[in-house]
Amino acid sequence: MNVDAPDFTALRADFPRARTAAYLDNASSHPISVHSAAALHRYIGWLTDEVGDPWWPQWAATRDEAKLLFAQLINARPEEIAFARSTVESESNLLNGMGEYLAGGNVVTNDLHYGAALYNYQMRLQDGLELRVVKNRNWRIELEDMAKAIDHNTRLVSISLVSNVNGLLAQVKEISELAHAHGALLYADIIQAAGAVPIDVRAMGIDMAACSTFKWLMGVKGFGFLYVRADLQNTVVKPTQHSGGVRQNYPPWTAAPDPAIPEISHTPVPGPGCYEVSYPSYEGAVCAQESLRYILRLGVPHIRAHVRGLAERLQEELPAIGYTSITPRGNESSILAFVAKDPEATMARTRAAGVHVAMRYGDKLRLSPSVYNNHEDIDRLLAALR
Ligand SMILES: Cc1ncc(COP(=O)(O)O)c(C=O)c1O
């Protein structure tokens, strides 16, 4: 990891989006860098001009490096990383694979977890799942409320490490200690955290996690990563989907059937590949490989320090012009949210000024600066809102 702070002014050139807008909505979709775009162009060049057998020769190296770099990013081991299609789908697949383990127990989550993930649990109530949703108090999740909800029948605690609603960075270590003290596991949705805040699954006590790459990993949609602690693979978390090789051991599929094996046999993929179905997105992996190199080169602590400078200014200046913050002061993520008195006027003014922001849940102005944003972007936003 880079020990010297990168030149954040110079790296603005890596993101052409910075030239066309003061883009402050990276929590929705982060632009990809010119480096990732070049890698994608190289792959598309091969697809266009050279595709054929043997399949893309760089695949094995790309796959291995992408997993290795992601493992490095979250302090996991490469054997604990699978490719995934989406964060929400991964959490759902994990739940499906934990059917036996969850049976008769309860799951504890909170209302700053992602909406679709919460609904995923809600849908399972009809199958007998006991769900406890801790409500936020003044936009924070209080540890004492989590402690009251977690008991010896809790099998799983599920949180967003960084909330998409107000950017709250969870007190993950304390929550994991609570979970583990009761024999429960901790799952973290890390899509709003990976690449933006330091993650150490070991130190934080995260047992399973997932994200896709189109936010702070500066990648594409429909591709991401799943982390499952090694000892949980194939034990607590069973694979639920077919992966690996299927052999049809009878004519006309084979000229010489092997009497020692059944007519149809399946060889499962060892390791975390057991959670992968068919081919992953090569485009996603190519992009992730390059963007992970980029993020690790910059260093997540430097990324966070840069963004904190911008975030603290937003926390200071927006309330002064009538936008009440719903993000706790000193919160260490890249997302901030404020209540807008007149959401339509706010959106009209920012749009007219070439400032790109998000308005969520009716009146919550969400701002999410990233590596290439600077104080001029914040000046533009403030001028539009005043
Ligand atoms: C906290 C959180 N989880 C999950 C998602 C959805 O991610 P995916 O498309 O990878 O399922 C989002 C996207 O907005 C999010 O903010």
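## Largest pocket

The largest pocket lies between domain 1 (10-24 + 299-385) and domain 2 (39-295), because both domains give residues to its lining; the domain bounds come from an automatic or database assignment. The model is predicted, so local features need pLDDT of at least 70 and side-chain atom pairs pLDDT 80 or more, while totals for chains, interfaces and linings use all residues. Residues are numbered from 1 along each chain as its sequence is written, and side-chain values use heavy atoms, without hydrogens and water.

The volume of the largest pocket is about 270 Å³. A pocket is an open set of points on a 1 Å grid over the protein atoms alone, with protein on both sides within 12 Å along at least five of seven lines, and lining residues have an atom within 4 Å of a point.

## Lining

Twenty residues line the largest pocket, and L169, A170, Q171, V172 and N331 lie nearest its centre. At least two lining residues come from each of α8 (172-181) and α9 (201-204); α8 gives the largest share, three residues. By type, the lining holds eleven nonpolar, three polar and six charged residues.

## T350

T350 belongs to helix α12 (residues 343-352), where a helix is a DSSP run of H or I of at least four residues. T350 is buried, at 1% relative accessible area (buried: under 20%, 1.4 Å probe, protein chains only).

The T350 side chain reaches the backbone oxygen of M347 at 3.1 Å. Beyond neighbours within four places in sequence, T350 is in contact (heavy atoms within 4.5 Å) with V355, V357, L381, A384 and L385.

Key: Buried means under 20% relative accessible area, exposed over 50%, partly exposed in between (1.4 Å probe, protein chains only). A polar contact is a pair of N or O atoms within 3.5 Å; within protein, one must be able to donate a hydrogen and the other to accept it, and residues adjacent in sequence count only if both atoms are side-chain atoms. On a 1 Å grid over the protein atoms alone, a cavity is a set of points where a 1.4 Å probe fits but cannot get out, and a pocket is an open set with protein on both sides within 12 Å along at least five of seven lines; lining residues have an atom within 4 Å of a point. Grid points are joined across faces, edges and corners, and a volume is the space filled by probe spheres set on the points. Ala, Val, Leu, Ile, Met, Phe, Trp, Tyr, Cys and Pro count as nonpolar, Asp, Glu, Lys and Arg as charged, and the others, Gly among them, as polar.
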